[in-house]
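Me: I would like to go through a protein model with you. Could we take it one topic at a time?

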Number of protein chains: 2
Amino acid sequence: MNDMPPVIDATKLDKLAQVAVKVGVNLQPGQDLVLTAPVTALPLVRRIAAHAYAAGAGVVTPVFSDEEITLARYRHAQDASFDRAPGWLYNGMAEAYAGNAARMAIVGDNPMLLAEQDPEKVSRANRANSAAYQPAMKMITNFKINWNIVSYPGAAWAAQVFPDDAAPEAVRKLADAIFAASRVDTDDPVAAWAAHNAELRTRSSWLNGHRFHALHFTGPGTDLTVGLADGHEWMGGASPAENGVICNPNIPTEEVFTTPHAARVDGYVRATKPLSHQGTLIENIEMRFKDGLITEARATKGEAVLLKVLDSDEGARRLGEVALVPHASPISKSGVLFYNTLYDENAACHIALGQCYSKCFVDGGKMTPEDVAAAGGNKSVIHIDWMIGSGEMDIDGVHADGRRVPVFRKGAWAD
Amino acid sequence: MNDMPPVIDATKLDKLAQVAVKVGVNLQPGQDLVLTAPVTALPLVRRIAAHAYAAGAGVVTPVFSDEEITLARYRHAQDASFDRAPGWLYNGMAEAYAGNAARMAIVGDNPMLLAEQDPEKVSRANRANSAAYQPAMKMITNFKINWNIVSYPGAAWAAQVFPDDAAPEAVRKLADAIFAASRVDTDDPVAAWAAHNAELRTRSSWLNGHRFHALHFTGPGTDLTVGLADGHEWMGGASPAENGVICNPNIPTEEVFTTPHAARVDGYVRATKPLSHQGTLIENIEMRFKDGLITEARATKGEAVLLKVLDSDEGARRLGEVALVPHASPISKSGVLFYNTLYDENAACHIALGQCYSKCFVDGGKMTPEDVAAAGGNKSVIHIDWMIGSGEMDIDGVHADGRRVPVFRKGAWAD
Ligand SMILES: [Zn+2]
Ligand SMILES: [Zn+2]
Ligand SMILES: [Zn+2]
Ligand SMILES: [Zn+2]
């Protein structure tokens, strides 16, 4: 078993593990940890396990995936396989979360892994997997327990992000970009995160003070009014899960975000970055909305995959999230296209198709699914973020009486 | 991620994967496969996944363990951690088997991994794990579904088995020993296994024809009468699981075995090989039995671990299996001590402490746990095989009326 590629700085990787455990998931003494990761991320997983046990973990259980095994299915499996999913594993995870286990996911897979495979099979496998994962996913999106996603510079991902560099140099560059965005290139990453979390809290508090009826986005190819759900709450950075643990679900994170109203989105919008969706790159997305519903959708590349995604279920054609990110965010300034939502969504304002976060409501934890739906929260098996922000984006907050307040001007906070 | 060490013959490794899928688990079209493995065994797991999908697998789900993560727990975890286990994962596996998923386990870990750790913590962690694994384990020992264990030549294991060889040479030697014992060094391994299974069936049929009341073992340091359970059935090689699939649970396998009577074992017995138990080597075991119960137990090394094992529960001090293996078996003839039960138990006659196999009864599949207990079948959370056979072992079959029939003479079948 290969240990860490020597181009990855061991000290910073260890700090990334520390941030994931202490800031990301904020693991509590006695809490179990369920950790999903590609097997290539083993060096980071090992360091996370050490930090988690040092923090008092009960038992740390890694669940590894492997790209070669995923590909073996597409190469050899019979047709019926593509409607199957390991429901037993996901039910087990739901049981773990119900027992207050924390959840960590390490991403770093090859974003183009399934690019050459039959899109019909990819879509069926994704649909079967999403449906089976639903009970566990619900506990995550409803923020029942503390969780975190962090990433590892896998070689295939690095090659995609830095195509002009040889393998070890591409991995080194991606590792450094991950370390910088995750604030582990500082002496005291935990303190750096405390300061950053305070800044995000200031922004979300200002938006919650206004409690706008809608946001109006304008920019090249975009004139979109996104109604906000009744009683919506803006969130960002650290926030308390329902088990009381304050965690940072995403490392890195630069966004403040809330739940749009599923029936009050109107106008047209153009993506400002490609969307990498489960092995397919979808480029130049354009959509038109009427009364919350997507009435037109196209893309210059990957359109077939996009249209399949929109047919996942009823809620796939409506929005579940709207998020604000300054164009000057560190990830945006790096100029790197990561082909990874965790990074790219933190480089630009974005919206998400599908499931809303019920935590993005005042007293969201006490709401039933019916309450959430009545307030305008969307429901779907999918949640797919795509980027609409740029340095030319203006955003107004619109009150119910029509009064407008500048929120963003030329991609930056208006204040 | 390192792919296969170049010292391992790729063609034979692929044949081992084929034997595991076709002969071992005999995966049926549409059946899911749950596969546990150390992460170092990834090259074999990938080939097994390919063969499993080609055989019509629904979905293949690997569950990897990692020795460094196991050690991180002993190095960093707080005391309370050692009473925890990932019950959610094992409950999920039980759910998978209840849904007719097949099970495969790849072994090849460092047998001495935990040798330096606190035996008290090792024992507590093992006990917590065994208890949590019980629901899934029961479905395996009761043979509800087809399953298989196969092994991979891990570097630490190879270093233990061939301490005088440098790392790559030791792995090459262990790989070759595994390939030979698993009959994949032949042109048609599947045909070789069919012939071997027929030979084992002949032996178990002869024993079932006699249906002895007891077996009487004599040899240096051993004079032991092992009563056989009422309505016991000898098994060996391929046999049908309760789901109707004929599989070979162990690759390799040389034994025929049945269920002893938990209350009718008397005399004394000396181990003929060391027992490698979860990281501890237990040497020169000697035990005395009265009315089925172990009344004395000692070992020249690892005795503390052995005594802890015997205190696992009520049934840990009684036998759950007796098995016959000729001293001339290929694994015995190789002269290699594998420090691995899967191999070493196939080099010598052995007995097992703890849980019996309920399949080793006539119509065992229809018996309730109470029926099994009434017939003399033992019950425990442990099942630990240890080796008592040698070239000097004589065995008589003893009928209820005292009539004796030679079974083994000088370690070989008496016929
Ligand atoms: Zn977002
Ligand atoms: Zn999102
Ligand atoms: Zn045995
Ligand atoms: Zn056994």
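This is a predicted model: local features need pLDDT of at least 70, side-chain atom pairs count only at pLDDT 80 or more; totals for chains, interfaces and linings use all residues.

Me: How do the axes of helix α1 and helix α2 of chain B cross?
Reply: The axes of α1(B), residues 10–24, and α2(B), residues 42–54, come within 8 Å and cross at roughly 50 degrees. The two helices are therefore oblique to each other. Their crossing is right-handed.

Me: And which residues of α1(B) and α2(B) meet there?
Reply: On the α1(B) side they include Leu13(B), Leu16(B), Ala17(B), Ala20(B) and Val21(B). Among their partners in α2(B) are Leu44(B), Arg47(B), Ile48(B) and His51(B). The residues of this contact divide into 10 nonpolar, 2 polar and 2 charged.

Me: Which residues touch the most other members of the largest nonpolar core?
Reply: They are Ile48(A) and Ile48(B), in a core of 176 residues. In soluble globular proteins, nonpolar side chains tend to be buried together.

Me: What is Ile48(B) in contact with, leaving aside its neighbours within four places in sequence?
Reply: Its contacts include Ala17(B), Ala20(B) and Val21(B), which belong to the α1(B) side of the helix contact. Leu33(B), Leu35(B), Met104(B), Ile106(B) and Val150(B) are also in contact with Ile48(B).

Me: New topic. Which residues of helix α3 of chain B are buried?
Reply: In α3(B), residues 67–76, the buried residues are Ile69(B), Leu71(B), Ala72(B), Arg73(B) and Tyr74(B).

Me: What do the buried residues of α3(B) pack against?
Reply: They pack against elements of both chains: α2 (42–54) and β2 (60–65) of chain A, together with α5 (119–141) of chain B.

Me: Now the backbone. Is the peptide bond from Ile251(A) to Pro252(A) cis or trans?
Reply: That bond is cis, with omega near 0 degrees. Pro252(A) is found in the loop between β8 (246–247) and β9 (256–258) of chain A. In chain B, a cis peptide bond joins Ile251(B) and Pro252(B), with omega about 5 degrees. Most residues other than glycine have a negative phi, and most peptide bonds are trans.

Me: What about phi of Asn100(A), then: positive or negative?
Reply: Phi of Asn100(A) is positive, near 75 degrees. Asn100(A) lies in the loop between α4 (87–98) and β3 (102–107) of chain A.

Me: Where is Asp291(B), and what is its relative accessible area?
Reply: Asp291(B) is in the loop between β13 (286–290) and β14 (293–298) of chain B. With a relative accessible area of 43%, Asp291(B) is partly exposed. Its phi is also positive, near 50 degrees.

Terms used. Residues are numbered from 1 along each chain as its sequence is written. Chains are lettered from A and ligands numbered from 1 in the order in which they are written. Side-chain values use heavy atoms; hydrogens and water are left out. Axes are lines fitted to C-alpha atoms, for helices over the stretch in contact, and angles run from 0 to 180 degrees between N-to-C directions. Helices (H or I, at least four residues) and strands (E, at least two) are DSSP runs, numbered from the N terminus. Angles under 35 degrees count as roughly parallel, over 145 as roughly antiparallel, 65 to 115 as roughly perpendicular and the rest as oblique. A crossing is left-handed if the near helix is turned anticlockwise from the far one by less than a right angle, and right-handed if clockwise. Contact means heavy atoms within 4.5 Å. Ala, Val, Leu, Ile, Met, Phe, Trp, Tyr, Cys and Pro count as nonpolar, Asp, Glu, Lys and Arg as charged, and the others, Gly among them, as polar. A nonpolar core is a set of buried Ala, Val, Leu, Ile, Met, Phe, Trp, Tyr and Cys residues joined through side-chain atoms within 4.5 Å. Buried means under 20% relative accessible area, exposed over 50%, partly exposed in between (1.4 Å probe, protein chains only).
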